[in-house]
Amino acid sequence: MVVAAVLGAAGGIGQPLSLLVKQNPAIKELRLFDVVPVVKGVAADVSHVDTPAITTGYVKDEDGLKHALKGADIVIIPAGVPRKPGMTRDDLFNINAGIVRDLAQGIAENCPKAFVLIISNPVNSTVPIAAEVFKAAGTFDPKRLFGVTTLDVVRASTMSAQAIGKPNDASQYTIPVVGGHSGVTILPLLSQSKPALPESLFSDSEKLKALVNRIQFGGDEVVQAKAGGGSATLSMAYAGYKFAEQLIAAAFEGKKGVVAPSYVYVADNKDVQKEIGQDLAFFSVPVELGPNGAEKLHPLGQLSSYEKELLQACLGELPGSITKGVNFIQQPKL
Ligand SMILES: NC(=O)C1=CN([C@@H]2O[C@H](COP(=O)(O)OP(=O)(O)OC[C@H]3O[C@@H](n4cnc5c(N)ncnc54)[C@H](O)[C@@H]3O)[C@@H](O)[C@H]2O)C=CC1
Ligand SMILES: O=C([O-])CC(=O)C(=O)O
């Protein structure tokens, strides 16, 4: 039986995500935290769902973060501001970096062994921020910290199925997406789709490029359609829960062979460094999940020549985003 906490639970992602987590029968307690008082109402609402998890809400004052986190096994973080049209994810850094730092501090103090799933953008920087907070507190366990990139994986399946004229078959295509979670750092490995995507897609370079671009900038599609009303929330709740469910099954229910891409600490993994050709601290790779979290990082495998080009573009941006996050903790501006 598992204790789960959602931080930012009153938000566009937080509410549907909390509902989905409540449906998981392995969860014994579900604690919802936010800075806005309506989170208590969200918790009261979700608590009526007839599943085992006892659901409670906490606000920032009243020591809410401490009570929400004490002894939690899994903490999911969709706290922070979303984009508006014209913004990049990095434009959210100034606000969200401090939010993630403070929540990570709370985790270090109250549930240092929890699995931590970070959704707050820019993921490429917020995950390094959390890692630095945990390092400073002496609680960092690289196997337990995950940047949630599952929405990219979900989009890769949906958009590829549409591109090949089989829109109803999205869930049948499993496509690894590696790298980071922003624009060109998102690297969908379409050549590794299972089952394979048709050869006609790969021989039509314009169509292939358009599909990759759509997956990389899928977030913008939603930001533009919501026209100032935020970014992806419902598909993100679906994706965030999909990853959490996989982790819960592998970590707490003994399920074997669960592999899912996630943005994780790769600094001490020579195989990954060799494959990407750089000493990067974080990269999304297919991760084998188990009782300790990220038990094993799987190789990227064979990339097509086009995917190798995409990898270089990813590497042009990702290291700077990682350094920006690390510096935010190590060299804070006065
Ligand atoms: N990783 C991914 O694939 C995706 C990430 N996101 C990111 O998720 C984040 C949340 O997005 P939305 O739910 O749409 O935003 P939202 O504004 O609807 O909700 C955010 C919630 O966080 C709360 N919050 C703010 N500061 C907090 C703090 N210090 N502690 C706890 N809660 C706090 C707010 O009160 C609000 O309820 C954004 O940064 C967005 O960019 C969004 C979609 C996909
Ligand atoms: O685009 C955004 O800002 C939200 C996000 O990360 C996504 O939808 O992938």
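Visitor: What should I know before I start looking?
Guide: The model is predicted, so to speak of local features a pLDDT of at least 70 is needed, side-chain atom pairs count only at pLDDT 80 or more, and totals for chains, interfaces and linings use all residues. Residues are numbered from 1 along each chain as its sequence is written, while chains are lettered from A and ligands numbered from 1 in the order in which they are written.

Visitor: How is the chain divided?
Guide: The chain is divided into domain 1 (2–147) and domain 2 (150–324), with bounds that come from an automatic or database domain assignment. The C-alpha centres of the two domains lie 22 Å apart.

Visitor: And what does the UniProt record say?
Guide: An unreviewed UniProt entry places the annotation "domain: Lactate/malate dehydrogenase N-terminal" on residues 5–147; its positions are given in the numbering used here, feature names are shortened, and annotations may be inferred rather than shown by experiment. Over residues 5–147 the chain is 41% helix and 20% strand, where helices (H or I, at least four residues) and strands (E, at least two) are DSSP runs, numbered from the N terminus.

Visitor: How many residues of domain 1 are in contact with domain 2?
Guide: There are 35 residues of domain 1 in contact with 38 residues of domain 2, and contact means that the C-beta atoms, placed from the backbone, lie within 7 Å. On the domain 1 side, helix H5 (123–137) is one of the elements that supply at least two residues, and H5 gives the largest share, 6 residues.

Visitor: What classes are they on that side?
Guide: The side of domain 1 that touches domain 2 has 24 nonpolar, 5 polar and 6 charged residues. Here Ala, Val, Leu, Ile, Met, Phe, Trp, Tyr, Cys and Pro count as nonpolar, Asp, Glu, Lys and Arg as charged, and the others, Gly among them, as polar.

Visitor: OK, ligands now. Where does ligand 1 lie?
Guide: Ligand 1 lies between domain 1 and domain 2, because both give residues to the shell around it. That shell holds 34 residues, and the closest are Gly8, Gly11, Gly12, Ala79 and Asn121; a residue is near a molecule if its C-beta atom, placed from the backbone, lies within 6 Å of it.

Visitor: Which helix gives the largest share?
Guide: Helix H4 does, with 4 residues. By class, the shell around ligand 1 has 19 nonpolar, 12 polar and 3 charged residues.

Visitor: And what surrounds ligand 2?
Guide: Its surroundings include Arg83, Arg89, Asn121 and Ser231, and helix H9 (residues 218–226) gives the most to this shell, with 3 residues. Ligand 2 lies between domain 1 and domain 2, since both give residues to its shell.

Visitor: Back to H5, at what angle does H5 cross H12?
Guide: The axes of H5 and helix H12 (residues 305–330) cross at roughly 35° and come within 8 Å. Axes are lines fitted to C-alpha atoms, for helices over the stretch in contact, and angles run from 0 to 180 degrees between N-to-C directions. Among the residues that make this contact are Ile129 and Val133 of H5 and Leu318 and Phe328 of H12.

Visitor: What about H6 and H8?
Guide: Helix H6 (residues 150–163) and helix H8 (residues 205–216) pack at an angle of about 145°, with their axes 9 Å apart. In this pair, Asp152 and Arg155 are among the H6 residues that meet H8 residues including Lys207 and Arg214, and the contact has 5 nonpolar, 1 polar and 4 charged residues.

Note on methods. Contact = placed C-beta atoms within 7 Å.
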